[in-house]
Amino acid sequence: MMRSMFSGVAGLRNHQTAMDVIGANISNVNTVGYKGGRSNFSDVISQTMQGAAAATGNRGGTNPIQIGLGMGLTAVDTIMTSGSYQPTGKQTDLAIQNQGFFIVSDGLNQYFTRAGNFDFDGTGNYVVPGTGLKVMGWIGVDGVVDTSGQVAGITIPSGVTLPAVATTSMTFSNNLSG
């Protein structure tokens with residue numbers, strides 16, 4: 001009797017966890033960069049009431065008789081697939097295709113995010129508007145980005161312009177209507 005109660009309580013408790021994960025997924029459906037979760041379960045242990053038997057003479061073999069003693073939560077996976085890309089109407093917003101993260105920093109710690117809703121502050125720092133965390137990246141010099149160094153805050157001072165550079169070549173891949 002206690003074995004059946006334990007199994008039932010374990011199932012209900014873990015079903016509640018699965019519902020919590022689903023609830024978090026639903027509540028974050030419009031959260032920029034949110035990655036959904038998935039609950040994974042497994043059999044905790046089984047009690048063998050009768051062992052397996054091999055085939056003998058005219059009689060075939062038998063399977064063991066096992067009774068499960070409950071189940072447990074093994075993991076809550078984060079599903080890292082890319083979502084659909086939608087225009088936001090804001091030129092400073094970014095998106096990541098496939099795997100990867102944006103690095104943002106408070107000056108002491110670095111954090112990783114998939115949310116790409118960024119903007120510039122009054123001094124030209126590229127930031128997460130709601131928190132003020134600076135978006136980090138490698139600084140390019142003359143079009144060359146050295147990814148072996150440390151990341152730094154991305155800053156584009158207000159009013160700074162770059163001289164125009166003439167286009168020297170172009171590649172076009174398409175069909176022309178004739």
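A nonpolar core is a set of buried nonpolar-type residues, from Ala, Val, Leu, Ile, Met, Phe, Trp, Tyr and Cys, joined through side-chain atoms within 4.5 Å. All views below show a predicted model.

**View 1. The largest nonpolar core has eight residues.** Its members are Ile-96, Phe-102, Val-104, Phe-118, Tyr-126, Val-128, Leu-133 and Val-135. One of them, Tyr-126, also has contacts beyond its neighbours within four places in sequence. Among these partners are the core residues Phe-118, Leu-133 and Val-135. Tyr-126 is also in contact with Thr-92, Leu-94, Asp-119, Phe-120, Lys-134 and Ile-154.

**View 2. Thr-92 is a buried loop residue.** The loop runs between β4 (71-78) and β5 (102-105). Thr-92 has a relative accessible area of 16%. That value is under 20%, so Thr-92 counts as buried. A polar atom of the Thr-92 side chain lies 2.6 Å from the backbone oxygen of Phe-118. Apart from neighbours within four places in sequence, Thr-92 is in contact with Gly-116, Phe-118, Asp-119, Phe-120 and Tyr-126. Two of these, Phe-118 and Tyr-126, belong to the largest nonpolar core.

**View 3. The side chain of Asp-121 lies by two backbone nitrogens.** Asp-121 is found in the loop between β7 (119-120) and β8 (126-127). A polar atom of its side chain is 3.1 Å from the backbone nitrogen of Gly-124. For the backbone nitrogen of Asn-125, the distance to a polar side-chain atom of Asp-121 is 2.8 Å. Asp-121 has a relative accessible area of 31% and is therefore partly exposed, between the limits of 20% and 50%. Leu-108 is 13 residues from Asp-121 in sequence, and their C-alpha atoms are 19 Å apart.

**View 4. The largest pocket holds about 800 Å³ of space.** Of its 27 lining residues, Thr-31, Val-32, Gly-33, Gly-83 and Ser-84 are the closest to the centre. The lining divides into 10 nonpolar, 14 polar and three charged residues. Rolling a probe the size of a water molecule over the atoms shows where empty space is left.

**View 5. Asp-142 has a positive phi.** The angle is about 55°, although Asp-142 is not a glycine. Most residues other than glycine have a negative phi. Asp-142 has its place in the loop between β10 (140-141) and β11 (144-145). Its relative accessible area is 80%. This is over 50%, so Asp-142 counts as exposed.

Conventions. Residues numbered from 1 in each chain as written. Predicted model: local features only at pLDDT ≥ 70, side-chain atom pairs only at ≥ 80, totals over all residues. Heavy atoms only, no water. Helix = DSSP H or I, 4+ residues; strand = E, 2+ residues; numbered from the N terminus. Buried < 20%, exposed > 50% of the residue type's maximum accessible area, 1.4 Å probe, protein only. Polar contact = N/O pair within 3.5 Å; in protein donor to acceptor, adjacent residues only side chain to side chain. Contact = heavy atoms within 4.5 Å. 1 Å grid on protein atoms, 1.4 Å probe; cavity = no way out; pocket = protein on both sides within 12 Å on 5 of 7 lines; lining within 4 Å. Points joined across faces, edges and corners; volume = space filled by probe spheres on them. Nonpolar A, V, L, I, M, F, W, Y, C, P; charged D, E, K, R; others polar.
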